[in-house]
Amino acid sequence: MSNESCDLSGQQLARSNLLKFQRWIAERDAANDWTDYIRGDKLNRSEIAAECSFALSVVRQNPAVKEALDTLENRLRATGVLGSSKAAQNTSDNVPEDATSLAVDRRIMVAKGKAEARVKALEEKNAALWAEVHGLREQLKRYKHLDEHLCRTGRLLHS
């Protein structure tokens with residue numbers, strides 16, 4: 001348990017968690033990435049809890065957070081972001097699955113893009129290091145030649 005949660009009463013902790021959830025909603029509204037959090041016909045509670053830095057039980061047991069989440073899901077249903085409830089889902093079973101698969105595909109593409117950028121950066125660094133190694137080998141070859149000449153003659157070459 002964090003120090004913050006130890007210093008707060010139950011009511012204060014509940015209010016703090018509600019504020020965290022409300023900030024998270026504002027961030028998602030600004031980013032407009034709700035589809036990343038859809039699972040089935042509702043929002044992914046475990047992901048919400050993880051991003052808000054509170055336990056999953058908060059989403060299930062804190063009345064204020066539960067009410068805010070229900071309100072949020074109703075708003076998202078009304079705007080068409082979130083698939084409709086179970087009754088309406090029977091008429092179009094693919095809508096929530098399509099939204100979920102689109103969110104998964106989007107995450108995969110973002111991860112793939114990050115991986116490709118990392119690979120490209122590593123390849124560029126590798127090429128730079130190989131060029132440096134080549135230059136140092138040439139320099140070593142030159143110094144070996146000078147060292148051999150100095151050992152044979154006792155004199156340095158003038159370059």
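Modeller: A residue is called buried when its relative accessible area is under 20%, exposed when this is over 50%, and partly exposed in between, with a 1.4 Å probe and protein chains only. By that criterion Asn62, at a relative accessible area of 10%, is buried. The model is a predicted one, in which local features need pLDDT of at least 70 and side-chain atom pairs count only at pLDDT 80 or more, whereas totals for chains, interfaces and linings use all residues. Residues are numbered from 1 along each chain as its sequence is written, and side-chain values use heavy atoms, with hydrogens and water left out.

The protein has seven helices and two strands, which are DSSP runs numbered from the N terminus (helices: H or I, at least four residues; strands: E, at least two). Along the sequence their order is α-α-β-β-α-α-α-α-α. Of the 159 residues, 23% are buried. The accessible surface, computed by the Shrake-Rupley method with a 1.4 Å probe and, for residues, with only the protein chains shown counted as cover, is about 11600 Å², and carbon and sulfur atoms account for 55% of this surface. If contact is taken as heavy atoms within 4.5 Å, then among contacts between residues at least 6 apart in sequence, 58% link residues at least 24 apart.

The aromatic part can now be taken up. The structure contains three aromatic pairs; rings of Phe, Tyr and Trp (its six-membered ring) pair if their centres lie within 6.5 Å, and planes under 30 degrees apart count as stacked, over 60 as edge-to-face and the rest as tilted. One of the pairs joins Phe21 and Trp24, a stacked arrangement with 6.0 Å from centre to centre and 15 degrees between the planes. These two residues are separated by about one helical turn because they are three residues apart in helix α2. Phe21 is buried at 1% relative accessibility, and Trp24 is buried at 3%. Trp24 also pairs with Trp34: the ring centres are 5.6 Å apart and the planes stand at 80 degrees, so this pair is edge-to-face. Since Trp24 belongs to helix α2 and Trp34 to the loop between α2 and β1, the pair ties together parts that are 10 residues apart in sequence. Trp24 and Trp34 are both buried. Together, Phe21, Trp24, Trp34 and Tyr37 make up one aromatic cluster. Over the ring of Tyr37 sits the charged end of Arg107, 5.9 Å from the ring centre; the criterion is NZ of Lys or CZ of Arg within 6 Å of the ring centre and within 35 degrees of the ring normal.

With 22 residues, α2 spans 31 Å from its first C-alpha to its last, close to the 32 Å expected at 1.5 Å a residue; the expected span is 1.5 Å times one less than the number of residues. Its buried residues are Ser16, Asn17, Leu18, Phe21, Trp24, Ile25 and Arg28. Asn17 also takes part in the surroundings of Asn62: beyond its neighbours within four places in sequence, Asn62 contacts Ala14, Asn17 and Ser57. Asn62 itself lies in the loop between α4 and α5. Just after α2, Asn32 has a positive phi of about 50 degrees. Asn32 belongs to the loop between α2 (10–31) and β1 (38–39), and is exposed at 58% relative accessible area.

Trp34 leads on to helix α5. Leu76, in α5 (residues 63–79), is buried at 3% relative accessible area. Apart from its neighbours within four places in sequence, Leu76 is in contact with Trp34, Leu43, Val81 and Leu82. Leu76 and Leu43 are 33 residues apart in sequence, and their C-alpha atoms are 9.7 Å apart in space.

The cysteines remain. Zero disulfides are found in the whole structure, a disulfide being a pair of cysteine sulfur atoms within 2.5 Å. Cys52 is buried at 5% relative accessible area, whereas Cys151 is exposed at 62%.
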